[in-house]
Amino acid sequence: PEDVPQKGNVHGPSVNKRGDAEQGFKDADFIVESKYTTQVQVHNALETHGVVADWKPNLLTVWASTQGTASVREELAEFFKLPKSQVRVITEFMGGGFGAKFGAGNEGTVAAILSRQTGAPVRLMLDRKGEQLSVGNRPSSDQTLKIGAKKDGTLTAIKLISFGTAGCGTGAGCAGPATNLYQSASLHTEENDVFINAGPGAAFRAPGHPQGAFALEQTIDEMAEKL
């Protein structure tokens, strides 16, 4: 969005506020502040990404390893300027997806182009190296969490500042758990994407939540011990 600041390789912060966090910390009897990092994780479904494409004059048929037959059809129809009725996508079985297999991908587009050029079905499945490099990842995170609480355990403030990278894409935010998992009188989150020369992120089992839950629950444990 145009209203999000751009600072070199950093996209953000995307800010979410509820109440006055600084006042919440003043009202707290105990404060815990922690820093946590998580690494980039890559999709490694047993079956790699890939398709078999069969281009006929009035129908492009694609057998795809996908979680979204409709979204694959829409991508191919848009790319090749075809009516959706001339694109058929079939998935009888899929060897794992975890969120990364919702589009046609480069492999699907290339297979369809080659099938159109050769007049024959084309099978294109990524090898394991291609799977590592090109189909997405769970972004990294670098999180600073600050939580304030009363002696009775009531949370007065949650503050999260996070940086993460999805390579050349966005989507490294991880404030979901801090925002909605525990009731707190106030909340302040700032999420930042850091661009690097690497493949983009992709949905991977509740995007952003594993990273965010890891840091939040550790910090809550520290607060519980203090209380």
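These legends accompany several close-up views of one predicted model.

**View 1. A cis peptide bond sits between Gly-12 and Pro-13.**
Start with the bond that runs from Gly-12 to Pro-13: it is cis, and its omega is near 5 degrees. To find the spot, look for strand β2, residues 10-18, which holds Pro-13. Most peptide bonds are trans, which is the reason for giving this kind of bond a view of its own.

**View 2. Phe-98 and Arg-205 each have a positive phi.**
Most residues other than glycine have a negative phi. Phe-98 is not a glycine, yet its phi is positive, at about 65 degrees.

**View 3. Helices α2 and α3 pack against each other.**
Two packed helices are described by the angle between their axes and the distance between the axes. For helix α2 (residues 69-80) and α3, the angle is about 55 degrees and the axes are 11 Å apart. This makes α2 oblique to α3, because 55 degrees belongs neither to the roughly parallel angles under 35 degrees nor to the roughly perpendicular ones from 65 to 115. The crossing of α2 past α3 is right-handed. On the α2 side, Glu-75, Leu-76, Phe-79 and Phe-80 take part in the contact. Their partners in α3 are Gly-105, Gly-108, Thr-109, Ala-112, Ile-113 and Arg-116. Sorted by class, the contact between α2 and α3 brings together five nonpolar, three polar and two charged residues.

**View 4. Aromatic rings pair up, as Tyr-36 and Phe-214 do.**
How many aromatic pairs are there? The count comes to three. In one of them, the ring centres of Tyr-36 and Phe-214 lie 5.6 Å apart and the planes meet at 80 degrees, so the pair is edge-to-face. Tyr-36 belongs to strand β3 (residues 30-38) and Phe-214 to helix α6, so this pair ties together parts that are 178 residues apart in sequence.

**View 5. Trp-55, Phe-79 and Phe-80 form a ring cluster.**
The rings of Trp-55 and Phe-80 have centres 5.0 Å apart and planes at 80 degrees, so they too make an edge-to-face pair. Trp-55 comes from strand β5 (residues 50-56) and Phe-80 from helix α2, which places these partners 25 residues apart in the chain. Both Trp-55 and Phe-80 are buried. Ring pairs also bring in Phe-79, linking it with Trp-55 and Phe-80 into a cluster.

**View 6. Cys-168 is an exposed loop residue with several contacts.**
Look for Cys-168 in the loop between β11 (155-164) and α5 (176-180). Its relative accessible area is 52%, so Cys-168 is exposed. Leaving aside residues up to four places away in sequence, Cys-168 touches Phe-195, Ile-196, Ala-198, Gly-199 and Pro-200. Asn-192 is 24 residues from Cys-168 along the chain, and their C-alpha atoms are separated by 13 Å.

Methods. Residues numbered from 1 in each chain as written. Predicted model: local features only at pLDDT ≥ 70, side-chain atom pairs only at ≥ 80, totals over all residues. Heavy atoms only, no water. Helix = DSSP H or I, 4+ residues; strand = E, 2+ residues; numbered from the N terminus. Axes fitted to C-alpha atoms, helices over the stretch in contact; angles between N-to-C directions. Parallel < 35°, antiparallel > 145°, perpendicular 65-115°, else oblique. Left-handed = near helix turned anticlockwise from the far one by under 90°. Contact = heavy atoms within 4.5 Å. Nonpolar A, V, L, I, M, F, W, Y, C, P; charged D, E, K, R; others polar. Phe/Tyr/Trp six-rings, centres within 6.5 Å; stacked < 30°, edge-to-face > 60°. Buried < 20%, exposed > 50% of the residue type's maximum accessible area, 1.4 Å probe, protein only.
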